[in-house]
Amino acid sequence: MAMPIQYAQTLIEKIQSLPSDRVAEVEDFVDFLKERAKNRKLTSGKESLDFPVDDLGPWPDGMSLRREDLYGDDGR
C-alpha cells in the first residue's frame, strides 16, 4: 500500500525523534505487522479453524446445570 510522500516523511521524522530503544520497538512492531499481513494473505479464503462440530440438538426442557443437580452434593 503506497502512502503519500509527505505522510511518510512525517512518520520518518517522528521515528527519528525517538530514543534508540524505542526505535527498536517500532521496528519490531513493523515486522510484526508485516508478518501478520503475510499470514492473513496465506489463510485468506480458507477457514482458519477447522474443528469438528457435533450438533446434538437443543437441550432437554428443564435440564439443570446446577452443581448440586449434576453431582448430587451440596457444593462441598
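Reading the helices, surface and salt bridges

From the N terminus on, the elements of the protein chain run α-α-α. The model is a predicted one.

User: How many helices and strands does the protein chain have?

Analyst: The count is 3 helices and 0 strands.

User: What share of the 76 residues is buried?

Analyst: Buried means under 20% relative accessible area. In this protein chain, 1% of the 76 residues are buried. The accessible surface comes to about 7,700 Å², with 57% belonging to carbon and sulfur atoms.

User: Which residues make the nonpolar surface patch of about 610 Å²?

Analyst: W59, M63, L65, L70 and Y71 make this patch. One of these residues, L65, sits in the loop between α2 (20–43) and α3 (67–71). With a relative accessible area of 47%, L65 is partly exposed.

User: How should I read a salt bridge, and how many does a search of the whole structure find?

Analyst: Side chains of opposite charge can pair when their charged atoms come close. The search finds 4 salt bridges in the whole structure. Among them is the pair E25 and R22, whose closest N and O atoms are 2.9 Å apart.

User: Where do E25 and R22 lie relative to each other?

Analyst: Both are in helix α2, 3 residues apart, so about one helical turn separates them. E25 is partly exposed at 42% relative accessibility, and R22 is partly exposed at 42%.

User: Which residues are linked in a network of salt bridges?

Analyst: The network links R66, E68 and D69. R66 pairs with E68, the closest N and O atoms being 3.5 Å apart, and R66 also meets D69 at 3.5 Å, N to O. Relative accessible area is 49% for R66, which is partly exposed. E68 is partly exposed at 30%, and D69 is partly exposed at 44%.

Key: Residues are numbered from 1 along each chain as its sequence is written. This is a predicted model: local features need pLDDT of at least 70, side-chain atom pairs count only at pLDDT 80 or more; totals for chains, interfaces and linings use all residues. Side-chain values use heavy atoms; hydrogens and water are left out. Helices (H or I, at least four residues) and strands (E, at least two) are DSSP runs, numbered from the N terminus. Buried means under 20% relative accessible area, exposed over 50%, partly exposed in between (1.4 Å probe, protein chains only). Accessible areas come from the Shrake-Rupley method with a 1.4 Å probe; for residues, only the protein chains shown count as cover. Patches are made of residues with over 30% relative accessible area and no salt bridge: like charges are joined within 9 Å, nonpolar side chains (Val, Leu, Ile, Met, Phe, Trp, Tyr) within 5 Å. A salt bridge is a side-chain nitrogen of Lys or Arg within 4 Å of a carboxyl oxygen of Asp or Glu.
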